[in-house]
Amino acid sequence: MSLDENKAIVRRILNEFWQDGKVNVLDELLADDCVNHEQSNPELRGKKACKEWANGVRLANLQGFPDVEIRAEDFIAEGDKVVKRWVFRGTHSGEYNGIPPTGKTVTMRGVTLYQLAGGKVREMYWNYDVFGLLQQLGVIPAPGQQPAGASA
């Protein structure tokens, strides 16, 4: 497949799955032997496991940040790989991974590398700033701030 065709596949995952919630598009665009490498979970193998993980993340995002917007800032392709540089924005108005709503608007940036073969995603590598997100929510003190409950 061409570089443009590979980028179009990654764009479809962003637009149709992450933004529009069309879970079944992953059946079409993930390889049966898909492998997901995500920083806070063990390596996931197989289309079913990758699809379940992605949908769980999407639903947790929507629960915690009902107005979530995920926008790609760059798509870079070379060979059989596509890199998507993205930004996540939303208002924390629902529980998110056990964190009660804070009402804070947050921005988190990340990069995902996709390896494709035959028009399907074979591997995904995720890197994003969870630490910064938790600082914005006030769960972890930002540099120069006292931890919650600490005396000066």
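The legends below describe close-up views of a predicted model.

Residues are numbered from 1 along each chain as its sequence is written, and side-chain values use heavy atoms, with hydrogens and water left out. Local features need pLDDT of at least 70 and side-chain atom pairs count only at pLDDT 80 or more, while totals for chains, interfaces and linings use all residues.

**View 1. The open sheet has six strands in the order β2-β1-β6-β5-β4-β3, with mixed pairing.** Strands (E, at least two residues) and helices (H or I, at least four) are DSSP runs, numbered from the N terminus; two strands pair if DSSP finds at least two bridges between them. Because β2 (44–45) and β3 (69–78) stand at the edges with a single partner strand each, one side of each is left without a neighbour in the sheet. Strands β1 (residues 30–37) and β6 (residues 120–128) run parallel and are joined by four bridges. Asn36 has Met124 of β6 as its bridge partner.

**View 2. Helix α3 (residues 47–64) packs on the sheet.** Helix α3 touches β1, β2, β4 (81–91) and β6, and its direction makes about 55° with that of β1. Contact means heavy atoms within 4.5 Å; axes are lines fitted to C-alpha atoms, for helices over the stretch in contact, and angles run from 0 to 180 degrees between N-to-C directions. The buried residues of α3 include Cys50, Trp53, Ala54 and Arg58, where buried means under 20% relative accessible area (1.4 Å probe, protein chains only). The buried residues of α3 pack against α1 (3–19) and α2 (25–29) as well as β1, β2, β4 and β6.

**View 3. Helix α4 (residues 130–137) lies across β5 (105–117) and β6.** Helix α4 runs at about 160° to β5.

**View 4. Phe65 and Phe88 form an edge-to-face aromatic pair.** Rings of Phe, Tyr and Trp (its six-membered ring) pair if their centres lie within 6.5 Å; planes under 30 degrees apart count as stacked, over 60 as edge-to-face and the rest as tilted. The count comes to eight aromatic pairs. Phe65 and Phe88 are 5.3 Å apart centre to centre, with 85° between the planes. Phe65 is in the loop between α3 and β3, and Phe88 is in strand β4, 23 residues apart. Both residues are buried.

**View 5. Phe65 also pairs with Tyr96.** The ring centres of Phe65 and Tyr96 are 5.0 Å apart and the planes are at 65°, so this pair is edge-to-face. Tyr96 lies in the loop between β4 and β5, so the pair ties together parts 31 residues apart in sequence. Phe65 and Tyr96 are both buried.

Note on methods: Buried < 20%, exposed > 50% of the residue type's maximum accessible area, 1.4 Å probe, protein only.
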